[in-house]
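Colleague: I should like to learn how to read a structural model. May we go through its features one at a time?

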Amino acid sequence: MEIVSLISLWFIPVLIGFILVYATFKRVPTYESFVEGGKDGIKIAISIIPFLVGMMVAIAIFRASGALEFFLDFIRPVFVAIGIPADVIPLAIIRPISGNAALGMTTDLIAEHGPDSLIGRMASVIQGSTDTTFYVLTVYFGAVGIKKMGDALKVGLLADLAGFIAAILIVLIMFA
């Protein structure tokens, strides 16, 4: 166990040092490259702000309007009938939309039911098995100017569905 801690502690500094030594050996202007990368990073960060604000406003409207609750009330009986706890359904719906909202829901579920409960474990595995598909598409595709994202949306949501199903099945098999 001590060797793992030692490797964890030194891996990143050694990797960065190796990259710098290798770049210097190859006569790459390392400092100038670093500064150019920083400039590009700031430009990208500024360019994604409108997409980020738009996504946050859309999420707030979706939740405040009651549309989320309406949708959840509509699908909840189906999930409960097949044995999926009703408490994790909102997490499955929110996770592709907002990582922060999903993390808040996961935190609430763990605080209410406990980290070792079936619901706590299910929420944790769902959180780790799915992604913020709408956020990724809106922010990153918008930043690079991609307008048509239909196939990426379908594949992303399909991957989220697969992650949700796998998370439920794995937790039920391992802990139920």
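**The nonpolar core**

Modeller: Of the 21 residues in the largest nonpolar core, those touching the most other members are Val88, Leu91, Ile94, Leu109, Met122, Ile126 and Ile168. A nonpolar core is a set of buried Ala, Val, Leu, Ile, Met, Phe, Trp, Tyr and Cys residues joined through side-chain atoms within 4.5 Å. Two or more residues of this core come from each of helix H3 (67–81), helix H4 (89–94), helix H5 (99–113), helix H6 (118–129) and H8. Helices (H or I, at least four residues) and strands (E, at least two) are DSSP runs, numbered from the N terminus.

This is a predicted model, in which local features need pLDDT of at least 70 and side-chain atom pairs count only at pLDDT 80 or more, whereas totals for chains, interfaces and linings use all residues. Residues are numbered from 1 along each chain as its sequence is written, and side-chain values use heavy atoms, with hydrogens and water left out.

Colleague: Which residues is Ile94 in contact with, leaving aside its neighbours within four places in sequence?

Modeller: Contact means heavy atoms within 4.5 Å. Ile94 is in contact with Arg63, Leu68, Ala101, Ala102 and Met105.

Colleague: What does pLDDT say about the protein chain?

Modeller: pLDDT is the predictor's confidence in each residue, from 0 to 100. The chain has a mean of 87, and 99% of its residues reach 70 or more. Among its elements, H6 has the highest mean (94) and H7 the lowest (82).

Colleague: How many residues has helix H1, and what should they span?

Modeller: The expected span of a helix is 1.5 Å times one less than its number of residues. H1 (residues 2–25) has 24 residues and should span 34 Å; its end C-alpha atoms are 33 Å apart, which agrees. A bend is the angle between axes fitted to the seven residues ending at a residue and the seven starting there. H1 bends by about 40° at Phe11, and Pro13 follows within four residues.

Colleague: Is Arg27 buried or exposed?

Modeller: Buried means under 20% relative accessible area, exposed over 50%, and partly exposed in between (1.4 Å probe, protein chains only). Arg27 is exposed, with a relative accessible area of 75%. Arg27 lies in the loop between H1 and H2, and its phi is positive, near 65°, in a residue other than glycine.

Colleague: Which residues of helix H7 are buried?

Modeller: In H7 (residues 133–143), Thr133, Leu137, Val139 and Gly142 are buried. Their cover includes helix H2 (30–64) and helix H8 (150–175). Gly145, which follows H7, has a positive phi near 85°.
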